[in-house]
Amino acid sequence: MIRAYKFLMRPTVGQAAALGEMLRDHCSLYNGALRERRDAYRHASKTSITYGIQSAQLKEIRSFDPERQGRWSFSSQQATLRRLDKAFQAFFRRVKAGEAPGYPRFRGVMWFDTVDFPRDGDGCRWDSTPHDPVTRVRLQGVGHVKVHQHRPVVGKVRTVSVKREGRRWYVILTAQQAQPEPLPATGGVVGIDLGIANFLADSGGGFVPNPRHGRRAAAKLGAAQQALARFPRVRRDKRTRNHRRAVQKVADLHRKVRRQRLDHAHKTALDLVRQHDVIAHENLKIRNMVKAPAPKPDPGRSGSFLSNGAAAKAGLNHSISDAGWGVFLTILHVKAESAGREVIAVDPRNTSRTCPACGHVAKENRPTQEKFHCVSCGHTAHADTVGALNVLRAGLVHRNARQG
Ligand SMILES: [Zn+2]
């Protein structure tokens with residue numbers, strides 16, 4: 001199974017200029033190759049020029065023009081020639097079919113927006129600085145470009161493409177993932193409630209605790225970040241030895257936290273997918289909108305807000321676990337898809353205050369963070385289990401509505 005990912009790149013000014021030149025040079029290669037084919041086609045002999053012939057000329061073109069064409073990846077240039085070849089094959093196919101297709105056209109530089117790298121590691125390298133929490137992609141002739149990687153990449157990266165859209169630059173990956181092997185049906189359905197005290201609670205009354213080592217690593221990371229913050233902000237090459245060591249420590253701990261979080265997410269998701277045909281979870285986007293901590297207005301000045309240490313800390317904890325939930329849900333969806341399982345995201349509103357026994361909805365049903373006690377029928381349970389049950393119920397309603 002091939003999966004595609006698209007991430008925003010954050011090139012420096014110099015890198016953006018180099019990316020522009022890379023597109024421009026690939027565009028002129030495309031147009032030059034098109035001209036050669038057109039001239040040959042118009043010649044009385046109706047010679048047709050193949051991809052093989054044009055690809056064989058690349059070496060010469062590069063050594064003849066080292067300042068421009070010679071800078072870029074050989075393989076990405078081949079990919080550009082192959083793209084032209086595809087356009088010609090489509091053209092000839094339609095001619096043969098008796099249609100009147102348009103001859104492949106020259107591309108203006110603004111209409112040429114993509115450079116393909118057919119293989120990761122050849123003229124490009126995804127995640128070229130794995131020791132750094134910031135993801136980068138290395139592109140030949142451009143350098144290590146920062147990438148805003150908003151979700152994890154699952155599987156082995158095969159191809160890398162660079163695309164310009166307006167003034168933004170994107171990197172597009174395709175990754176090879178394990179072949180989907182539908183698991184046998186279990187008849188099991190489950191709802192899950194993602195939390196802070198426990199990583200998740202399920203509708204069957206089970207809990208998956210937060211990994212202990214995760215909290216320990218997070219504390220260490222906090223301390224390392226504080227230590228790093230004591231150094232003055234100076235250029236990379238002007239840092240002292242201790243400063244460099246502090247930077248390295250933060251990077252190492254980041255990587256460690258990220259790996260532990262991934263391991264834990266994989267294991268938890270795998271357990272769920274093995275045991276259930278249908279898994280319902282809260283839609284985190286809606287949940288964040290609903291549960292965002294309210295800012296405290298400053299009574300002295302209207303329109304301004306007090307900074308509240310506790311609220312800020314809660315917000316931080318929340319954002320850390322939020323990142324973990326996001327990773328987990330992505331992995332859960334991918335694993336479920338491979339196994340032929342169904343995952344449903346439901347609106348989380350009222351899932352924590354609805355009584356699963358009688359359906360009574362009230363804030364008072366949840367006297368503490370952990371306890372659920374229905375004020376109408378007296379039903380008691382762990383609040384997170386109740387949340388998970390309501391998520392499951394909402395998911396099944398959603399599913400029946402879709403199927404019926
Ligand atoms: Zn009740």
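Helix α2 passes helix α3 in a right-handed crossing, a term used when the near helix is turned clockwise from the far one by less than a right angle. The model is a predicted one, in which local features need pLDDT of at least 70, side-chain atom pairs count only at pLDDT 80 or more, and totals for chains, interfaces and linings use all residues. Residues are numbered from 1 along each chain as its sequence is written.

The two helices, α2 (residues 51-64) and α3 (residues 74-96), pack at an angle of about 155°, with axes 10 Å apart. Here axes are lines fitted to C-alpha atoms over the stretch in contact, and angles run from 0 to 180 degrees between N-to-C directions. The pair is therefore roughly antiparallel, the label for angles over 145 degrees. Where do they meet? Y51, Q54, S55 and L58 of α2 touch F74, Q77, Q78, L81, R82 and D85 of α3, contact being C-beta atoms, placed from the backbone, within 7 Å.

Leaving aside residues up to four places away in sequence, I279 touches V190, I192, L272, L332, A336, R341 and V343.

Terms used. Contact = placed C-beta atoms within 7 Å. Helix = DSSP H or I, 4+ residues; strand = E, 2+ residues; numbered from the N terminus. Parallel < 35°, antiparallel > 145°, perpendicular 65-115°, else oblique.
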